[in-house]
Amino acid sequence: VIQKRQATALEQFTPAVVPQIEFVKQYQPRLITITAGGNDIGFTDILRYCASTYGVVLPYTCDYAKEGSELQKTLYGSIDAQYHYTKQLVAKLKDVSPHSKIVIIGYPSFIAIGAVCGINDGSLNTRERSAINGALVRLNEALKKVAQDTSVSYVDVQDSLYGGRMCEGGEYVTEITTLGTAKIRREYF
């Protein structure tokens, strides 16, 4: 039953039934794009944690944004580890589909540092916004290094949302609303 389900998933392009590399093995695509690391390091949870004011006394800076804190060290360690994981992934992809062109795509900066945000920033202070952007830059540097070290292409999209990031009018990244000390979030990034 499981093998039949997996075969059907491969045939019908059904996600989350077989590892994605199985699709690459079977279909040998001309182009493979990779964006890796953000979910693995828990970036959304970190953003949510830093933006939350529930149960804290304001003004407050989350520990991920405090230079030298254990959480910041853990975050940077996770980001640095993505280099090795992504490099292994590229090697596996090259092994199973040697004629595919592989492109690693970086992450866009989605929050402005120096802009006045009002309630659009989910109470992220300048230090926290700077730390978030710094972590994103570090992750992009790791991905860029993988691309260089494995002879694949890298697409830099870090500046692609400028002018529409959170705290710049929110044209591309929108809507964090504060109600009391708890946040209601609608995420579109």
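**Charges and rings in a predicted model**

E141 and K144 form a salt bridge, with their closest N and O atoms 3.5 Å apart. Keep in mind that this is a predicted model. Why do E141 and K144 sit about one helical turn apart? Because they are three residues apart in helix α5. E141 has a relative accessible area of 42%. K144 has 25%.

Now the count. How many salt bridges are there? Six. I will show you two others.

Go to helix α4, residues 70-96. E70 and K73 form a salt bridge there, and the closest N and O atoms are 3.6 Å apart. These two are also three residues apart, so about one helical turn separates them. How accessible is E70, buried or exposed? It is exposed, at 57% relative accessibility. The cut-off for exposed is over 50%, so E70 passes.

Next, R138 and D80. Their side chains meet in a salt bridge, 2.9 Å from N to O. This pair links distant parts of the chain. R138 is in helix α5, residues 126-150, and D80 is in helix α4. They are 58 residues apart. R138 is partly exposed, with a relative accessible area of 31%. D80 is partly exposed too, at 35%.

R138 has another contact. Which ring does its charged end sit over? The ring of Y76, 4.2 Å from its centre. Look also at R165. R165 lies over the face of Y162, at 4.0 Å from the ring centre.

On to rings with rings. The count is four aromatic pairs. One of them is F13 with F23, and it is stacked. The centres are 6.1 Å apart, with 15° between the planes. Planes under 30 degrees apart count as stacked, so 15° qualifies. F13 lies in the loop between α1 and α2, and F23 lies in helix α2, so the pair ties together parts that are ten residues apart in sequence. F23 is buried, at 14%.

Another pair is Y49 with Y64. This one is edge-to-face, 5.6 Å centre to centre, with 85° between the planes. Y49 is in helix α3, residues 43-51, and Y64 is in the loop between α3 and α4. They are 15 residues apart, and the pair links distant parts of the chain. Y49 is partly exposed, at 37%. Y64 is buried, at 18%.

Last point. Which residues form one aromatic cluster? F13, F23 and Y27.

Note on methods: Residues numbered from 1 in each chain as written. Predicted model: local features only at pLDDT ≥ 70, side-chain atom pairs only at ≥ 80, totals over all residues. Heavy atoms only, no water. Salt bridge = Lys/Arg side-chain N within 4 Å of Asp/Glu carboxyl O. Helix = DSSP H or I, 4+ residues; strand = E, 2+ residues; numbered from the N terminus. Buried < 20%, exposed > 50% of the residue type's maximum accessible area, 1.4 Å probe, protein only. Phe/Tyr/Trp six-rings, centres within 6.5 Å; stacked < 30°, edge-to-face > 60°. Lys NZ or Arg CZ within 6 Å of the ring centre and 35° of its normal.
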